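Biologist: I am new to this structure and would like to learn how to read a sheet and the helices around it. Could you take me through one region step by step?

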Amino acid sequence: MTPALLDRLRCLFAWLVLIAGGWGGAVWAQEAPLDLAQLPQRSALVSRLQLLVDREAALDPAEALRQPGWAAATTRQLNQGSTAAALWLRLDLGNHGPAELTRWLSMGNPRLEQVQLYRFDVASGLLLEQQQSGMAYPPAVRLARGRDAVFSFTLMPGERHTLLLRVQSRTVMGMQPELWAPLHYLEQEELDDLLYLLPIGMMSGLVLYLLANTLARGHHFLFLYALWLLLGAAYDFAFQGYLRRYLMPDGGDLAARLPHLLGLLAAMMMSFYIHAYLEMGRRGWWGRFFPAVTALLAVFALLTLFGDLRWAIAKSTGVLILFHLIWPLALIQPWREGMPHVRLFTLALSCVWLFTLLRVASVMGLLQPSSVMGFLHLSSLAVLYLAVLFKFFMTCVLLYVVVRHSVSESRALATMQAELLDAQHIEQQRLEEAVRVRSAALRQAAVDADEAVRAKGELLARVGHDLRAPLTAIMAYAARLEAASGAVCQLALAIGRSAREQLALINGLIEYARAGVQPDAVLPQPLYLKAWLRSIADQAVALAARQGNHFEFRIEGDLPDVVLLDAKRARQVLELLLTHAAERTHQGQVELRVEPLPSAGPEPDEPIRLLFTVRDDGPAIAADQLPTLFQPFLRLGLDQSHHEVGLGLAIAHQWAQRMGGRLQASSQPEGGATLRLTLPMPRSSEEAIAPRRLLRQEAQLPELRGAGRRLWLVDDSPVVRELLMADFSDMGFEFKALTDGREALLCLRDPQAQAPDLLLTDLRMPGADGLTLLRNARARWPDLPVVLLTSAPEVVADLRHDFSAVLAKPISRAQLRRTLAELLGLELSETVPTEEAA
């Protein structure tokens, strides 16, 4: 038996089995299969399909083929709405052309959940291929981009295949199967995407802008309206399959639930918005109807997301139809009351109302596409575009309302701003008048105060003159009587002592009163700090010796060379403190100690704070008298040997506070008192010192001739160099000025440099200090005289150095000339008056 004969017998056996199994009847009686070679690039299949309804959804493909209930498919049967049954569709195809043909089968509904395709070979009856698509599965044809359920198959020339489709969906049972040439399907899909996504994208962008705008402006009702439109756009996006395409390409259970869920959320927002905007809370039973509907839709939304999807869709669809039939009645009363924008609101909602009812009815299978098209004469895609157009119209309505609100607010704001400007102008005029009156009063008060100060100053001057004049005469006559002997001398001494005490009291009173007249008379100037301290210590030695006391002066820590300080007032305060200590101590010790306090921060420009401590061995001061020690006119207890304190400490405390300092007192029970003065002093430099203060002003100077002698001066202060250069040039010296230690070291190491007759150097300089220059100079010229000019001679006092002389700044010109004459072997002539003395 030949193979060809065996094939023919096998085919005959398959035909007999199929006929015996019940394939036949109306299904198998199809005269001829569809010839793919004769079909156009897009062909509708509704009239060419055979349909079997599997109400239990339990048949497999072989069982379905054997069922006797196959019948020609109709549009109503293919669009049954929500149903639990499975539909079986059969289609015979053939290729009578000379080339192989590939076609795509689309179901025309992106919301179908499960679609399986079985392809049989008619000649052999064998199952050639099985595909599945729909919301529950990934796309069968990836190139089709997954919005609709699409299947691809290829027929070779002369082949004849039977396609068997099983369709089951919990969402909606509706389809319009079509055959496509692949390229034509892709072109039509791109065109549909453009026509749909362009308006829906514009509407979504506009709605998002209005959401942000209304939220920023605080328009809560318009914000809810825009949010409702956004949910509606999202629902359309999911209803047409684009949400599944772009966000859930692999399908799944959630992809099937999302479209209906978004529809319920949009309806919930609509109900909530109508209740809020139309103030339904005050309209009887409507105030309960809309919250109840919102709550019921929320329950259905949860059931759609987590429960039985088919049951939730069926029940919630009925509730939606009932809600959309009832809520338009709620507009009657607001329309009669003439609420703002209610007519525009009604017009915008009427379009959504119509299309929502049509869509819900089609989901329930109450309206068939053919009947809708019959009276609208439009395709389903045209209906979709019209729905998008109406939503865009609603968005424009929202934009119009927002613009009107914005214009109204702008006008109200402009009016309010104008009123505010007028009020501000009036208030400004009132304030200007008040300021003018107040300024005039203040000017008059300032004039009166100046007159009072001037009168007080004149009074103090007259009183001081009138009080001092007779005291001066008394003291003069007492001094003459002191030359006598006996009792007259003793009386004269008592008179002179009393007069001097009275004069000191008068001077203190005038000084204390004058400080009140000139409260801001603090004039800080740069000065050499250590030289100023040494001058105070020199005066304190004689002051302490009056009562037979020993004076001790100490500097602890590193003090800056130059500071800003009111030297006159600070000296006055220290002299008052030292006077107080010296007068209350007999045959004891008075000590002045100066030390810097730790800095409060790391800033280099922060003023240094110095602590001046004055300690004596006098009698102890009671603890209850220490808080009042700096008050004027204070007298200590009668058990003290020194009863009169006077105004000295009060004046010192007054000036210490005005210089930004602090004065404190303490005492030990066994005796002795300690006064602590803290003063802030900003750091300064020699360049800031007035030239006349760099050199001591002396009435007469010895004349010195230094012709032919060479001097080197190393100092980083240009003012000091210029002053000494002028002085040395007048004496005939050859003078070389070096700016700092680095330059001096270069000159000392220069082999061509001639040795000077004498080197004058500062102690602290950039590059190298005076001690370094001394060592380098003596290393090259061992016999070279080196003179140190420094503001801190005590720094080198305890060091073993080899300076020929050490002179303190400010420099005494007379002492400098005598030092030069001694070191250089020059003769000094008799002194001559200086220009300052002249």
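Predicted model: local features only at pLDDT ≥ 70, side-chain atom pairs only at ≥ 80, totals over all residues.

Biologist: In what order do the five strands of the open sheet stand, and is their pairing parallel or antiparallel?

Modeller: To read a sheet, follow the strands from neighbour to neighbour: here the order is β25-β24-β26-β27-β28, and the pairing is parallel. Because β25 (734-738) and β28 (805-808) each have a single partner strand, they stand at the edges, with one side left without a neighbour in the sheet. Neighbouring strands are turned against each other by 20° on average, if direction is ignored.

Biologist: How many bridges join β27 to β28?

Modeller: Strand β27, residues 786-790, is joined to β28 by four bridges, and the two run parallel; within this pair, L789 stands opposite L807 of β28.

Biologist: Which strands does helix α20 touch where it packs on the sheet?

Modeller: Helix α20 (residues 718-730) touches β24 (710-714), β25, β26 (758-762) and β27, and its direction makes about 175° with that of β25.

Biologist: Which residues of helix α22 are buried, and why are they on the same side?

Modeller: In α22, residues 770-780, the buried ones are G770, L773, L774, A777 and R778. They lie on the same side of α22 because they cover an arc of only 125° around the axis. On the other side of α22, by contrast, R775 and A779 are exposed.

Biologist: What covers the buried residues of α22?

Modeller: The cover includes β24, β26 and β27 as well as helix α21 (741-748).

Definitions and conventions: Residues numbered from 1 in each chain as written. Heavy atoms only, no water. Pairing = 2+ DSSP bridges. Axes fitted to C-alpha atoms, helices over the stretch in contact; angles between N-to-C directions. Contact = heavy atoms within 4.5 Å. Buried < 20%, exposed > 50% of the residue type's maximum accessible area, 1.4 Å probe, protein only. Arc of directions from axis to C-beta.
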